[in-house]
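Thank you all for coming; I would like to walk you through one model this morning. Please have the sequence and the structure open while I talk.

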Amino acid sequence: MTETVNDRVRKVMDAASLSQAAFAERVGLSRDKLSKSLSGVRRFSSLDLARIAEAFDTTVDWLLSGREPVRPRSAARPAGAVAEGTRWAEIEEIACRFQNAYDVLNLLGRPRPMPHLPELRTELERYVDQGEQLAADLTEHLEQLGAGSPAGMDLADLIRLLGDHCGIDVALVEFPSQAALSGATWQSDAFRIVLLATTQEWTRARFTLAHEVGHLLAHDAQDLRADTAPEPGKQKDYTEVRANVFAAHFLLPEAEVRAAWERTVTDPRNPTDAELSELVVAFKVSPSALAARLHRLGLLDTARRDRFRGFTTEICHVLAGRLDDHYRHRAESAAPRPPLVPMELLHAAYEAGETTLRPLAAYLNRTVDDLRAILEPAPPPRPLPEDEKGDPVFQP
């Protein structure tokens, strides 16, 4: 016999050793409604199930389907980066927290929209060519949507671009300090998500984001995939090479780099440090990434490439007179933040009375009480009677 939602609700009630009357009071239902729901006369609403799940530490998914929560599986643990045991479990737990939100949204009939994205050109045999073509295809796709070029975008604007036009949610999270990870990514039919490690090296955060997007477009992340800091030119894994090539071409497209070079550099044979620094500021990449790209395009010789690689992003912003921008970017990449679209969808479901605050609180890693205090502020204090106000007191 197939187990029904009503059967699973009865299991919860029996496990709690509560009468129907006590159970109904605990979940905010009238005894009549609970009785009708259990007998099949009335269906449990999504809000009823959310309240039952919240009150008795289970999930709406289990009540509806009997499925236990599915935890993310790792595609590969990066060699030398994460030790066995608790540290990897912490990373999986972070991914699982976001995945649970997508599950709730699907069950509530509010799935995260998944726009179509360019596909990998499998007819290209070389991984380098695949990465380059994938970057060109995505850039063209975004231009057709009127989204503009990702080159030179702030991290926040780049995150918004990917969320709005690609259905890729990006979270800045604090990975375990021993994990030595820069990012992770995971995709399914219901979501595409990138987890970026909070860092003050904001140019690395932008490159890591583009690198992880390359993995998503190539369908490398059917299971949770975690990466250490990308090291262009040093990886032996061809999927990593492809993702690095994608990132370089996506953030530094040839046409835009050449146009900026012509506008900025007075003597192409002898670019100054200040001119190269202007390009670092304009494209928001590290001096090393810019030097490598300029060298590959034949604009910078080997000696100047090697010399400029020794510069820091901070020094480049000093030379360009834009140090304030450097500190602003650094603060943005160092602050944890969840993806906005799922948060907005969960809040809309709560406002519509379709669920409780529990899914949103779990998504934000906050307690329900903390979130309720924010969303449902206490009423203003009662004004004092005139005879109690007294004389105003002035303090220095």
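This is a predicted model: local features need pLDDT of at least 70, side-chain atom pairs count only at pLDDT 80 or more; totals for chains, interfaces and linings use all residues.

Let me start with a question: does Asn365 count as buried or exposed, and at what relative accessibility? At 57% relative accessibility Asn365 counts as exposed, where buried means under 20% relative accessible area, exposed over 50%, and partly exposed in between, with a 1.4 Å probe and protein chains only. Asn365 sits in the loop between H18 and H19, and its phi is near 60°, a positive value in a residue other than glycine.

Residues are numbered from 1 along each chain as its sequence is written, and side-chain values use heavy atoms, with hydrogens and water left out.

A second residue of this kind is Ser17, which has a positive phi of about 55° although it is not a glycine. Ser17 lies in the loop between helix H1 (5-15) and H2, and with a relative accessible area of 64% Ser17 is exposed.

Now to the chain as a whole, which has 20 helices and 5 strands; these are DSSP runs, H or I of at least four residues for helices and E of at least two for strands, numbered from the N terminus. Of its 396 residues, 45% count as buried. Taking contact to mean heavy atoms within 4.5 Å, 67% of the contacts between residues at least 6 apart in sequence join residues at least 24 apart.

Leaving aside neighbours within four places in sequence, Phe98 is in contact with Ala171, Val173, Ile193, Leu195, Pro338, Pro339 and Tyr363.

In S4, 6 of the 6 residues are buried, so the strand is largely enclosed by the rest of the structure. Both of its faces are covered, with Arg192, Val194 and Leu196 on one side and Ile193, Leu195 and Ala197 on the other. S4 pairs with S2 in the parallel sense over 5 bridges, and with S3 in the antiparallel sense, also over 5 bridges; two strands pair if DSSP finds at least two bridges between them. Leu195 in S4 is the bridge partner of Ala171, and Ala184 also stands opposite Leu195. A hairpin of 4 residues joins S3 to S4.

Finally, a helix pair. Helix H2 (residues 20-27) and helix H3 (residues 31-39) pack at about 110°, with their axes 9 Å apart; axes are lines fitted to C-alpha atoms, for helices over the stretch in contact, and angles run from 0 to 180 degrees between N-to-C directions. H2 and H3 are therefore roughly perpendicular, given that angles under 35 degrees count as roughly parallel, over 145 as roughly antiparallel, 65 to 115 as roughly perpendicular and the rest as oblique. The contact is made by Gln20, Ala21, Phe23 and Ala24 of H2 and by Arg31, Leu34, Ser35 and Leu38 of H3.
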